[in-house]
Amino acid sequence: MKNIKYIVGLIVLLSIFTGCEKWVDFDPHEEYAVTEADYLRSESDYQSMAVSCYSPLQWLNQLVVLGDIASDNAVAGGENASDVAVLQQVDDYTTTTNNGLLEDLWKVSYEGINRVNYLTQYKDLNIAGEAVDFAGKEELYGEIKFLRAYYYFNLVRMFGDVPLFVDRKLGLSDFGTIQRSPKADVYAQIETDLMDAINALPSGNPKNGRVTKYAAQALLGKVYLYQEKFTDAASMLDNVVNGPFTLVDDFDSIFLLSGENGSESVFEVQYSNGFPYYNWGGTTRGQGNHAVQQCGVRGLSGTSAMPFASGWSTNLPAQDLAAAYADGDQRKEGTCFDVEAYKIANPDLEVKYDVAPYKNTGLYNKKYLPRKGQTSGQVELNYDNNQRIIRYSDVLLMAAEAYVRSSAPNVAKAQEYLNRVRDRAFGDDLHRVTVSKEVIWDERRLELAMEGDRFFDLVRTNQAATKITGFIVGKNEVFPIPQREIDISGITQNPNW
Amino acid sequence: MKFTKALIFCFFATLFSVYGQAQDVSINGKVIDENGLPIPGASILIKGTSNSTATDFDGNYQIKASSSGTLVFSYLGYTSIQEAINGRKNITVKLKPATQSLEEVVVVGYGTQKITKVSGAISTVKAADIEKQKPLRVEEALQGRASGVSVIQNGSPGSKPTVLIRGIPSFSGTSPTVIIDGVPQTLDDLSAINSADIESLNVLKDASATAIYGIKGGNGVIVVTTKSGKRDQKVEITFNTYGGQQEVIKKIGVLNATEYGAIINESSAASGGPVIFPDLSTLGYGTNWQDEVFKTAGISSHNLTARGGGEKMSYFLSAGYLTQDGIVGGGDKSNFNRINLTSNLNFELSSKLKLVLNTSYVNIKNQGIAENSFNSVLGSALNFDPTVSVYNTIPNTIGTYGFSNLLKSEIFNPLTKLANTYNESNGNKLYGKIELQYDLFKNMKLTSRFGYTKYDQVGKSFTPLVFYGPLNTENTLNADGTTVTGKHNSVNEFSNSNFDFTQENFANYNFNINDSHNFDIVAGVSFSRSSGYGFNASREDVRDNSWAWADISAATGVNTAGTYTASTFVDGVYTPSTFVPGNTIGQIGSSYQNLTRKNASYFGRINYDYNDKYLASFSARRDGSIAFGTKNKFANFYAGSMGWVVSKEEFFNSDFISLLKIRGSYGTTGNENVSPQYVSISTGGPSYNQTANSNGYTFGGTFTPGATVNSFANDVLRWEKQTQFNVGFDLSVLNNLSLTADYFDKKVDGLLFIDAPPLMAGTSEPVASNIGTTQSKGVDMMLSYSNSLAKIFKFNSSLTFTTSTNLVTATNNDGTALINGGFYFNGLSQYPTRFEKGFSPGYFYGFQTAGLFQSFDEIAASPTQTGAQPGDIKYVDVNGDGKITDLDKTKIGDPFPKFTMGWNIGAEYKNFDLSVFTYASVGNDVYRAYERNAQYSNKFRNILDRWTGQGTTNDANNPRVTFSDTNSNARVSDRYVEDGSFVKIKNVVLGYTIPSLWYQEKVFSKVRIYAQVKNLVTLTKYTGFDPEVPGGILDTGVDRGNYPQARTILAGLDLKF
C-alpha cells in the first residue's frame, strides 16, 4: 500500500519534471519568426537577401555631403555652430575621433560587407547543406560583389587601412579578433571582386538601378586611378566611354527626377518616397534621401508656382566654388543656386526665405535642392532624389586623366574626352582648353561639385594641403578610425589622430 | 496513516462529546469596543459548530447554545475572544483592536506567516491607510509608506510611475513583480485594480522573502491581497464616493512678449543679424501659453461593496467607477475612465474541499495628448512665441488660433496642437483565479490554483490636415482651407489581445514536535505562459477632415501604383526612364506577435521556529525560462533566514521593551528580462528598431522588399543572478512605539546587458550577454507610534526612511559596453544619461561648467575650446589634455534620490479624524530638457540675468545670448542639472463621522464625510513644474516638460449599511 503510493507519487513527480524541461523550450515559429535555419531555401530567398545588400548604398548619402564639406567646395552652415556638429567638425578641421557621422559611415559600409559576405558564405550550400541553384545566380553574385567592392572602396579612401574579411558575416566569436589590413590588400580584394562582377554581369544596360557591367568597369577604372594604375585605368574606362552613354545637353536636367537613370547615368543610388519613414534614430535608413533636406533654403516659401521646398541649409556651396566657373558655363547655375538673385528675378513667385543663420554663403546646392512634392511622411527623411554616383562625364574625365598620366600618354584621346565635357557645359565648342592633368582636375571640380568626390580628388592628387584650410599633411589624408571601434575591437588609430 | 486516523478519530470524538451534552439555552449579550461603544455586525460563533449569529446595530445578539459550550466573538480589525459559557445567560464582551498584534499575519509567497515569526524583510500597508488616501493607483499608497520602496509618480491620468524596490539592480528591467491573490501579474496591471478592493499590500524585499519567486523575485515583490467575505458574516455594505477638482500647482517663468522681443533682438545682433522687432513697445505682455493649456480638471470616484458569508460560502462584491480628467488640455483631450467589477467568492464544497473564485472585470477608456517633449502640448506651451495672440487675427486665413511667423516648424501654437489631437483607447481586462483547496489531513492542505489575465484593447487616432500658419513649412492645409498638394489626413486603428495564465499546485503542511518545534512547509510546481498578438491599420482621406468620420471603414484612401517607363536606346538615341510615384500609404496595415513567455518552476520552503523564539526559514526554487540559451534553461535559487526574538528569552525581562527581534537573511533571486535567443531574418523595408537595420531597395522607382540577418544568438545566455544579504531588527517599546530597520547589500552577477558589438559587425540587433555586475546597498527604516488604546484623543504616526546607493561595478571586460539614454532634442539630439561601469545607473553625463569667459584673454589662457567668445560657458578640462573635447564629459548628476522619507500622522478626536502625509526626496537631480533653444523659441526668465559684458555675471546658467552659438552653450552640461530635492505634503484628510442620532440608524451604521487635498504643498528649489519625473532607468529625472502632478481638492462621503 505504502510502496504503491510512493511509486505513483514518484511517477507523477517525474512526469512533472520532464514536462518542465519541454515547457520552456523555445520555438521561434510560435512567434512566426523566420530564423537563419529557415532561410536561403529558394531562389526568392537569395534574391531578397541580395536586394538588402543594396540597402546600405542608400545609407551612405552622408558620404556625398562629407566629400564636399571636407573640401573647399562647401560649408556646413546650419542654425548655429553646434547645429550638425559632426559636419561642422569636418568643415572646420576639428574632427574628433568619436565623430558620429564617420562612425555611422564606417558601420554602414561594414553592414553592406557583412550582408554580401553572408550570401557568399552560403553561395554553394545553404545552412542546411542544400544547394539552391537557379538561372541568373552568377549574375546576382556579380551584382553583390560589385557592392562589396564599392563598400570597401569607400572605407579605404576614407580611412586607409581597414579590417578586411570576405569569408563570412562576423559572429560572436569573431568579435575583437580582426585587425586592420594594409590598404594594398584591400585594393587587391576590391579589384578581385570587380573583375568577378565584370565577368558575371551581362552586357545589357537595364537602367533600373541594378548594377551593370558598365558600372563595375567604371568603378574599377576609378579604383585603378586612385592607385595611380593609369594604363589599367585608361583601358578599363574606355569600355565605358564606348558604351551606350551620351551627355545630356541640359546640365540642369540631369538632376531632376525626370533625369534619373538618364543617358549619362553609369551608377546611381536609387531612392523613393513611398515609405513615409520617420525614424530619427536612423535618418539615412529609409528609402528616401536625407541629404536633399540638408541642401534646402531655410523658411523658403512662395506661391504655388514656386517649385522649391525649404530645408536646413547645412550643406552650402562656397562662394569660391561659384567664382571658379567661367562666364557662360551652365554648370554654375546648375550647381550654385543664389536664392536672393532668384527672388529678385522672379517677383511673381513672392519668394520669402530666411538667410542661412550660420556660415551663410547665399548659395545652395542646386543639384539636390529640395523641390515640392518629392518627399512624403517625415518630409526631412524621404526625398525621392537618386544620388548620382558615377556619371558619364566623370568617366570621360577619369579616362582623360588616365591617358594624360599614363606611362604611355595618349593626349589626343584625353583632349577629345575633355572637349566633350567642356562643350556640353558651354553648349558650344568655343570654350575648349588644352588638356593637362591640372586642367582635368579643375574641370572635375566644376563638373562634379557637390557630388561628393572633391575631397577625395584633392587628397588623391596631392592638392589638399594647398586647397583646404586646416588640412594637415600626414594626418588629414584619411579620417580617424572611430574611437568606439578602437575601444571595442582593439585596432590601431591612423597616424596623428 | 496511523497519525491521520488518530486525528480523524479525535476530531469526531470532540464533535460527539459536544453533541452528547447538547442542551441548548438562549444567551443574550452585547459586543462593545474598548471605549464601550457597541460594535454592530460582530460575529458570534459556537465553537466547534457552524452555528453563528451577528450583533445588531446596538451591538446586541442572541444565540442558542449548549450551556457548556464556548462562544467565539470576532470582528474585523479586532482580536477575537473566546468565552466559555459556563451556564451564563448573558455574556457581554469587550473586543480590543488588533494592533501590531501577535495574531497578525502577512501574506508571503504560497502561504501566510504570523508576523511574529517572520525573519525576512517585509513592508506592509494596510487597508485602513489605503482607504484614507484614496489612491488612484496602488503604487501611490506605497510611496513613503512602505520603507525600501521608491515611487516616482507621474501626473498624466492613469500613467505608470517608476517603482524601485531596494535600488536599481539591473538594466534590463527594474519593475517589481506583482502578485494579486497569489497570481503573478505585472506593474502595468496595477492601473486596473480598484484601491477599495485591497485588504493589504505587502512588499517582499529581501532574498528570503522573494526567493520563492525565483527569477521573478529579483526586483522585489508586491503582494496584493484583495478583500473577501468571512464565513457567517452578516452582510456589510459600503458606499464611498468623492468628487473634486485638480489644478496645476506651478507654472514655469517664461518671458513675456516684450522681454522676448528684446532678447531676440539682442541674439540677432550678437550674430550680426538684423533687428527682428523694431518696436518693442507694441508687444506688451503677449500670451503666456501655459495659462491657455492648463485647465481645472474634474475627478470623481464611486464605489459600492458588499461582503458577508453564510455557512457554506462567503463573498466580497464590489463595483467602482473612476473618472479623471487631465489638467493639461482638460478632459476633452486627456482623461482616464475606469469601471471595476469584482467578485471574490469562497465555497465550502465539502468539509475538506474549498473553492475560491476571484473574478475581476475592468474597463479602461482613456484619451491622451502628446507628452514629454519640446513639441508636446506642454513643451509647445513653454517654447512657443509669446507675441502671438491666442486667436487668429489674420484675415482670409483658416485656423482658430494664432500663428507665429518666426517659428515656422516643429513648435506650433499649443492650442492648435491640442485641438488637432484625436485619439481614444478602450481596454477590457478579465483577471482572477480559480483555486481548489483540499485538506488532505489535519494541517496538510493541497492547493491547485489557476490564475489568468485576459486583456483586449482597441484604439484609434486621427491625424487631421492642419494649417499652422502662413509661413509654416509643415502645413497640410493651405491658408484658404484647400489641401496642400500630396497631403492626406489619416486614421490609425489598433487592436491587441493577450492571455496569460499561471497554473500552480502546491501543498502546505505544518506540524509541531513537542509543542515547541514548529514547522511550516510548502512545496509545489508552477507553469506559466503569456502570449498575444496585435493588429494595426491606417488609411488616408477621412471625410470632412473630421474625427466624426475617423474610421478605417469610412476613409477612402487607396494605394496607387507608380508608373515607370523604362529607358530606351534605339539607333543611338537615348530616351531616359521616367517615373511618376504612386501612393503606397493610402491604405496599410500590419500585425505583430507578442513575445511568448513561458516558465516552469518548482519550489519549496521550510519555516521553523522554536517556541516563537528562534526562527529559521529556508526556501529553494528551480526555474526554467523560455528566454535563455539552450545550454542554460534552468537555474536554482536558494535563500535562508534566521531570527532571534530576544525579548522572549527568560533573561530578557523588561517592561520597557516588549519586543526585540533580530533578523538576518541571505539568498539568491534572478531576472529574465531578455528576449529568446535565435538568429532572426528580418524582411521587408525600413526598420524602426534601435539599430535601424533596414531592408529593401528601390529598383526602377519602385520599392522592392529585401531580407537580411537581424540578430546574433547567444546560446550560453543565462539568468541574471542577484545575491542579497539582509540584516535587521524589530523593536517595540511600551507596546506603542516600534522601530523596524534593515540593512541590505545586493549584488548582481551576470547582469543581462547588451554587449557592445564591434562597429564592423554592422547593424544587426546587438546581442544580450551576461556581462556585468552591479551592487546596491542601503537602509530601510520605519518608526511608528500609536496610542490606539486611548479613549478620546487617538494619535498615531509613522516615519519611513529609505535609502540605497547603486553602482554598476562591471559591464564587459573593458567597460566599452554602455548604454546612452535620456534622449531629448534642443537643436541637437542629446543623450544626457548613461548606464556605465563605475557609475550609478542612469547618471547624468555631460560637461562640467566653470562659469563664463569674461574676455578673450581668459579664453586664450584656458584650455582650447573651439568657438568660444566672451560671455560663453567655460567648460572644465576634466582629463587635463589642454582642450575641451567629448573626453571631458563626466558625471554631472544623479536622478535617483540619496534617500526618501515618508511621514504619516493620524489623529482622531471624538468624531473627527485627521490624516496628514508628507513625503520627502533628497538628493535627486533633475535634468532640464524642456528648453528647445531654437532661435525664436521662447526663453526662460533666468535669461534676464544673462552675461552682457565683462563682469556682468559669471554664472554658467546665464551665458550671452546669440543666434550663432559657436561655443555650443546648449550642449549637455551641468547648466541644465538642478537639485530636485523636495518635500511634499502629499495628502491631507479631515473627516467627520456623523453621530448616529442624526440619521436613521436602521439604514446606516456609519456615515462619514471628509475633505481631502492631495499635493497641498511642494517645497523644492527645482524651477520646472514638478521635481518628480518618472521613466525608465535612463529617463528618470529627464524633464522634457513632464506632465506635472495636480493639486487635487476632494470632498467625499463614506457610508456603511
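**The interface of chain A and chain B**

In the predicted model, 97 residues of chain A contact 89 residues of chain B (contact: heavy atoms within 4.5 Å). The two chains bury about 7,800 Å² between them, 62% of it on carbon and sulfur atoms. Buried area is the accessible area (1.4 Å probe) that two parts lose on being put together, summed over both. In chain A, A:Trp23, A:Val24 and A:Glu31 lose the most area to chain B, together 9% of what that side buries.

Three salt bridges link chain A and chain B (a side-chain nitrogen of Lys or Arg within 4 Å of a carboxyl oxygen of Asp or Glu). The side chains of A:Glu30 and B:Arg529 form a salt bridge, at 2.9 Å from N to O. Helix 2 of chain A gives the largest share of the side that touches chain B, nine residues. Helices and strands are DSSP runs, numbered from the N terminus (helices: H or I, at least four residues; strands: E, at least two).

Helix 6 of chain A (residues 137–159) has 23 residues. Of these, 21 are buried, so helix 6 is largely enclosed by the rest of the structure (buried: under 20% relative accessible area, 1.4 Å probe, protein chains only). A:Gly160 follows helix 6, with a positive phi near 80°.

Mean pLDDT (the predictor's confidence in each residue, from 0 to 100) is 92 for chain A. Confidence is lowest in helix 1 (residues 2–23) of chain A, at a mean of 61. Where pLDDT is low, the predicted coordinates should not be read in detail.

Residues are numbered from 1 along each chain as its sequence is written, and chains are lettered from A and ligands numbered from 1 in the order in which they are written. For this predicted model, local features need pLDDT of at least 70, side-chain atom pairs count only at pLDDT 80 or more, and totals for chains, interfaces and linings use all residues; side-chain values use heavy atoms, with hydrogens and water left out.

How values were computed. The expected span of a helix is 1.5 Å times one less than its number of residues. Buried means under 20% relative accessible area, exposed over 50%, partly exposed in between (1.4 Å probe, protein chains only).
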